[in-house]
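Trainee: I would like to learn how to read a model like this one, feature by feature. Could we go through it together, with the general idea before the particular case?

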Amino acid sequence: MLTMPSLPTRTKIKSLAVLTSGGDAPGMNAAIRAVVRYGLSLGCEVYGVYKGYSGLLEGQIVPLSASSVANIIQRGGTILKTDRCEAFYKRSVRREAAHILRRKGIDGLVVIGGDGSFTGAHLMERENGFPTIGVPGTIDNDIAGTEDTIGFDTAVNTAIDAIDRIRDTASSHDRIFLVEVMGRSTGFIGLDVGIGGGAETILVPERKLPLEEVCDTVERGIKRGKTSSIIVVSEGEKPGLSTRLAADLAKRGYSAKVCILGHTQRGGSPTAHDRFLASVLGASAVAYLCGGRSNAMVGVQNDKVTLVPFKNVIGKEKKIRDELITLAQILAS
Ligand code: F6P
């Protein structure tokens with residue numbers, strides 16, 4: 001069971017704001033709810049910023065009450081909406097954002113998002129002294145300094161559910177299916193989906209398999225009497241890898257159907273795991289911020305909520321577990 005930091009009874013922050021940024025992830029609403037209700041319980045005023053950093057620059061900032069976050073814990077997406085804000089790469093824009101928050105009387109910002117969103121928060125604090133704290137929210141689970149991110153569990157479960165369905169039709173028609181999952185340049189989703197979905201082959205960017213090996217695996221399966229197979233393909237930098245792979249397989253005489261799960265993995269009601277994780281991380285972020293800590297992300301390490309300085313998170317590579325890739329190959333054979 002996840003252990004939280006000790007909760008402060010008094011707060012150094014009188015007024016805080018929360019925003020969601022980057023790709024949405026199921027469980028973000030549960031995190032917003034926790035930030036709002038825990039902040040209010042400490043006597044803070046709490047504001048919601050719409051549309052991430054873009055909305056912040058437009059002054060889309062509204063006070064939130066306990067009832068404004070009622071009935072959202074089960075909803076996917078983010079009630080605050082989100083955006084990827086290119087303008088925030090500019091120093092002058094970050095200075096303006098800090099001014100906007102200060103003019104509203106806000107003295108701390110909780111950012112729920114991923115690596116890019118934390119870069120913005122970190123620079124805004126370093127350059128302008130405005131306290132920020134990050135909550136890891138992305139389906140990719142690719143953030144260094146934390147073993148888990150909000151939305152990952154839901155995305156994996158959504159993809160496994162899709163694979164179970166695809167398997168029914170694959171085995172009825174004796175077909176090979178390439179199922180493409182998200183994850184950008186990392187294979188965390190692919191690996192968990194492949195192992196949990198019993199895939200015959202798993203392709204992740206961290207350990208590229210030559211086409212020959214993919215064909216060999218399919219061939220071995222056929223020789224052992226397998227009439228259908230599921231190959232999980234992590235999208236990598238460019239979505240559509242599975243379509244290119246299907247064309248290559250066709251040249252070798254294997255006909256394969258392609259199913260790109262795409263944004264279906266980002267939507268839907270969060271799992272119990274993600275709701276719990278988001279609630280604990282959201283409240284912990286407020287606990288740290290109100291206790292005077294900032295320029296850092298709340299993370300999970302060995303079942304404990306920890307505070308990791310942004311400088312140890314941003315741009316750092318999170319290593320995929322090699323032994324799991326090996327295990328996936330053994331179990332698939
Ligand atoms: O980072 C989350 C994610 O869903 C990635 O897995 C995917 O590559 C990317 O976002 C898609 O981004 P967009 O929704 O902007 O197309």
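Trainee: Which residue lies over the face of Phe188, and at what distance from the ring centre?

Mentor: Please keep in mind throughout that this is a predicted model. For a charge over a ring, one asks whether NZ of Lys or CZ of Arg is within 6 Å of the ring centre and within 35 degrees of the ring normal. Here Lys318 is the residue that lies over the face of Phe188, at 5.4 Å from the ring centre.

Trainee: How many aromatic pairs does the count give, and why is the pair of Tyr53 and Phe88 called stacked?

Mentor: A pair of aromatic rings is described by the distance of the centres and the angle of the planes. The count comes to 2 aromatic pairs. In the pair formed by Tyr53 and Phe88, the ring centres are 3.9 Å apart and the planes meet at 10 degrees, so the pair is stacked, given that planes under 30 degrees apart count as stacked. This pair links distant parts of the chain, since Tyr53 belongs to helix α2 (residues 52-57) while Phe88 sits in the loop between β3 (61-63) and α3 (91-103), 35 residues apart.

Trainee: Are Tyr53 and Phe88 buried or exposed?

Mentor: The criterion is relative accessible area, with buried meaning under 20%. Tyr53 has a relative accessible area of 4% and is therefore buried, and Phe88, at 4% relative accessibility, counts as buried as well.

Trainee: Turning to strands, how should I read the two faces of β4?

Mentor: In a regular strand the side chains alternate between the two faces of the sheet. In strand β4 (residues 109-113), 5 of its 5 residues are buried. Leu109, Val111 and Gly113 lie on one side, Val110 and Ile112 on the other, and both faces are covered.

Trainee: Which strands pair with β4, and in which sense?

Mentor: Strand β1 (residues 15-20) pairs with β4 in the parallel sense over 4 bridges, and within that pairing Val18 stands opposite Val110. Strand β5 (residues 132-136) also pairs with β4 in the parallel sense, over 5 bridges, with Gly113 standing opposite Pro136. The chain goes from β4 through helix α4 (residues 115-128) to β5, and this β-α-β crossover is right-handed.

Trainee: Where is Phe130 found, and what is it in contact with?

Mentor: Phe130 is found in the loop between α4 and β5, and at 1% relative accessibility it counts as buried. Leaving aside neighbours within four places in sequence, the residues in contact with Phe130 include Ala98, Leu101, Met124 and Ile106.

Trainee: In which sense does β10 pair with β5, and in which sense with β11?

Mentor: β5 and β10 pair in the parallel sense over 2 bridges, and Ile133 stands opposite Ala296 in β10. By contrast, β10 and strand β11 (residues 304-309) run antiparallel and are joined by 6 bridges, with Ala296 opposite Pro309 in β11. Strand β10 (residues 296-301) is itself mostly covered, as 5 of its 6 residues are buried.

Trainee: What is found in the turn between β10 and β11?

Mentor: The two strands form a hairpin with 2 residues between them, and Asn302 in the turn has a positive phi of about 50 degrees. Asp303, in the loop between β10 and β11, has a phi near 65 degrees, a positive value in a residue other than glycine. With a relative accessible area of 43%, Asp303 is partly exposed.

Trainee: Where is Asn71 placed, and what is its phi?

Mentor: Asn71 is placed in the loop between β3 and α3. Although Asn71 is not a glycine, it has a positive phi of about 65 degrees, and with a relative accessible area of 62% it is exposed.

Trainee: Finally, how compact is the chain as a whole?

Mentor: The chain holds 10 helices and 11 strands. Its radius of gyration is 22 Å, close to the 20 Å that the globule rule gives for 333 residues, so the chain is as compact as a globular protein of that length. Along its principal axes the C-alpha trace spans about 70 × 40 × 30 Å, and 54% of the 333 residues count as buried.

Technical notes
Residues are numbered from 1 along each chain as its sequence is written. This is a predicted model: local features need pLDDT of at least 70, side-chain atom pairs count only at pLDDT 80 or more; totals for chains, interfaces and linings use all residues. Side-chain values use heavy atoms; hydrogens and water are left out. Buried means under 20% relative accessible area, exposed over 50%, partly exposed in between (1.4 Å probe, protein chains only). Two strands pair if DSSP finds at least two bridges between them. A crossover is right-handed if, with the strands pointing away from the viewer, the path from the first strand over the helix to the second runs clockwise. Rings of Phe, Tyr and Trp (its six-membered ring) pair if their centres lie within 6.5 Å; planes under 30 degrees apart count as stacked, over 60 as edge-to-face and the rest as tilted. The radius of gyration is taken over C-alpha atoms; the globule rule is 2.2 Å times the number of residues to the power 0.38. Contact means heavy atoms within 4.5 Å.
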